[in-house]
Each structure stands twice: as C-alpha cells, then as structure tokens.
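Work through the exercises below with the model open. Each task is followed by its solution.

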Amino acid sequence: MARIATTHAREVLDSRGRPTVEVEIRTACGKSGRAIAPSGASTGKHEAVERRDGDRHWYAGLGVRGAVEAVNTLLSALISGMDPDDQVAIDNAMIAADGTPNKGRLGANAILAVSMAAAVTAAELQEVELYEHLHQLYLQKNPRARIIVPLPMVNMISGGLHAGGNLDFQDFLIYPEGCVSYREALERIVRVYNSLGRVLGKHGETHALVGDEGGYGPSLPTNETAIERIMEAIEVAGLKPGDDVSIALDVASSHFYDADTNSYRLREWHKAPRHAEEMIVFLAGLVEKYPIRSIEDGLAEDDWSGWRSLNAALGRKIQLVGDDLFTTQVGRIEKGIREQSANAVLIKLNQVGTVSETFDALAMAAGHGFRAVVSARSGETEDTFIADLATASGCGQIKIGSVARSERLAKYNRLLRIEDHLGGPGVALFQRRVPAG
Ligand code: 2PG
Ligand code: MG
C-alpha cells in the first residue's frame, strides 16, 4: 500500500487574481498529485465556508495564509501515512478534525484542495486517468453509474455579480443539441459565441468586455433582450434555435431577492417588489416564447414554497436546477426531492468541501431521478478536476463558463482529451441532449 508522505499547500491566484489554496501530496514511492480550490462570487448562504485571512495588508483581506497553514500543519499530520486511495477515510478525518458543520474552522478551501489532491495522487499511483479513478470511487456510491462525456451548458452573456450588475440575470447560456460528439458540440458553441459578438456589435452593444466567466457583458435594457441576441446569433451562425442549439438561464435570483418583503426586485420592474408567483409567471412566459431547456435558481435560496410552485408550473417541461438552493448538501437535496422543489441539482465541489460528500450529493440525485450538472465557479484556475468528475459520474452535464479565458478552456480542452482517450468522437459515450429526469 502506498502511503502519503508529505502534504504541502501554498497560496496561488485564481482567475480574478484572488488568492486560493493549492495542495501537493507526495507519497513515499515518489508519486504526487496537485489540486487547487476554486472560489465563487454568487455564493449561497448554505455553502461550506471559505477561510480568508481578513488582513487588509495582504491581498486586501482576501489572503488564504491561514488556510494554507492549516494544511501544512494540522491536515498534513492528520493524513500522513494514509493511503491516498482511501478517499472516504481521508475526507472523514478532515471533517472530524474541523469539527464544524460548515468547515469554517480549518476552511473548506483548505480541506477541499487536500481532498482533490488525494484523488489526483491515487490516480497517479494506479497509473490511470483521473476520471477512471473517480469513476471507481463513485461506483461504490452509485453502482449503476457509467462513464459519459458531459453535454456542456455554456455561458454566452454574463450579468449579475459576474459582470458588474449590467443585467439582473447572471448567466444566459446555450446547449448544443444532438451533436454526435463533444468535439463537434464544442465547435458549434464557438460558432455561436463568435456570431454573438458580431450580433452585439451590429446592435451597437459592447462585445469587447467579458464577464468573470468569459461571457459577453453588454448593458442591455432587459433580460429578455439578452435571450433575443442569442437567438439571433444562433440563426446568424446558420443553426436552428431549439433543434441545433437551445437556451439555459442561471437567474441567480437570491441576489435580487429581498428577504424583508419576501419579493424579487428586477430593474426592468423598476425594482418594484414582486412575489414568487409573479416571478414564476415571468419565467413561464420566457419558456413559452424561447427554446429554454433549463433554468437555474429561478427563485431564491430559502424560498422553498416558491420553488415548489415553480416546479409544479414548469418541472415537467424543463430542467429546474437548484444551485444556491441545494449548495451540494445532501440534506438540502433530500429535502428538495421530498418536497418536489426542483428536478435537478448543480454540483460544486467547494460548496460542500470534499470529494466524498460531492459523490454523496451526486448519488443522492441519481438515486431519485434528479438530474445533476457539475459546475465550475466564477473564480477558477487551470485545475481541470471537474472535467474528470463530470465524466466519471456520468451525470451528463457540465457548466464551465464561456469559451474564452484559459481557466475555462483548460476544462473544455481536458474534455477533448478525455473524449479522445475514450476512443475518440463517435466512440466515446457523449451526452447528446439534456438528460431526461
Ligand atoms: C453559479 C456560479 C457559476 P459563482 O452561480 O452557478 O456560474 O457562480 O461561482 O459565482 O457562484
Ligand atoms: Mg448558479
């Protein structure tokens, strides 16, 4: 059995130039694995806590030297001598050492980077691809899982907290529909992205500036205008909206939800307070008019009764994804299943803080006919772990951001390598359409 000899963390930067935690694990036999924790901007209230120093003289308080220290002292000693293949034991030991329900003491950024690095090291030891190793791990929780190259849900226009508040909705995305391979799907996405740049330019709208995830960040009068521009871009690219390319939204509505009045305040409503029922009518109107296949966070993170009505209204027609609602926590997903609040869950490793708990969330979804979308964060790095995770779990969907900025392209390119490794286009199992619930 190979044993962990050293675990070393350092502070590195994410795609917004903010510090994050990188961890490198080495075994006695000289194998190693490295991983970096991502970081969100539109974070959910119920996420595991990312530990930051708060020292204003170091990266304006955003430093992670405390989290790095926690790895280099406590966690390093804790997992020394353990087998990197023993993912559950490593994760459980770290959870126990932290001792809080939200990993706030040692920091979810510290714990997650160690957890991911252990998986990368185990794959290195076995001399298998990371997705193959993750698949073996996941089979223990979901024996029916298959290896599937995921369908990408790709950001075209950014708003909300990712683009300086130009639009209320956070992401306007597309799905390539019915492609025979991931390689073909990616080409189609880039075609629409480039066409959208020209369409925005034609309308005199900014297309030179991109948001945190590489989507265009124009100021548009309404959220619907963004959908209109994407529809036009699909057609200009010579493709058919709905058949060749469909649309998805991440409304990220927790950020314009006003808890005091239990209402949603959109700029196009002049911030007049409107209740969940009116938001549902608004979203249903968009679904009626456009080929929208998926809506994420259509309502706020604790508006459970609103979500139930939303799912009753639209859940049979489209995918309704809980991101801030579920925050990748098994308990919240279980509640959503029980209360029929949604039909899909967004999966983000750092919302829960370990690889094992992420698998628990995926298995919980799969076991109850819930769809799952593995997702990047708006603060990302060159780390490509999620491309392997999505493939390994066979969940069928991934959300990485747009096809610009290398922290995004690193993952898109990793999926090209994975497809190739699995036998190439047409041979590898590729998710051609949004999976049925
Ligand atoms: C989301 C994510 C990714 P953030 O809301 O789904 O787009 O954003 O990482 O800022 O939470
Ligand atoms: Mg979201």
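Helix H11 (355-367) gives four residues to the lining of the largest pocket, the most of any element. Helices are DSSP runs of H or I with at least four residues, and strands are runs of E with at least two. This is a predicted model: local features need pLDDT of at least 70, side-chain atom pairs 80 or more, while totals for chains, interfaces and linings use all residues. Residues are numbered from 1 along each chain, and side-chain values use heavy atoms, without hydrogens and water.

**Exercise 1.** Describe the largest pocket.

- Step 1. Its space is about 430 Å³.
- Step 2. Its lining has 21 residues; Asn142, Ala366, Ser393, Gly394 and Cys395 lie nearest the centre.
- Step 3. Helix H11 and strand S12 (371-375) each give two or more residues to this lining.
- Step 4. By class, the lining has eleven nonpolar, seven polar and three charged residues.

A pocket is an open set of points on a 1 Å grid over the protein atoms alone, where a 1.4 Å probe fits, with protein on both sides within 12 Å along at least five of seven lines; lining residues have an atom within 4 Å of a point.

Conventions
Chains lettered and ligands numbered in written order. Points joined across faces, edges and corners; volume = space filled by probe spheres on them. Nonpolar A, V, L, I, M, F, W, Y, C, P; charged D, E, K, R; others polar.
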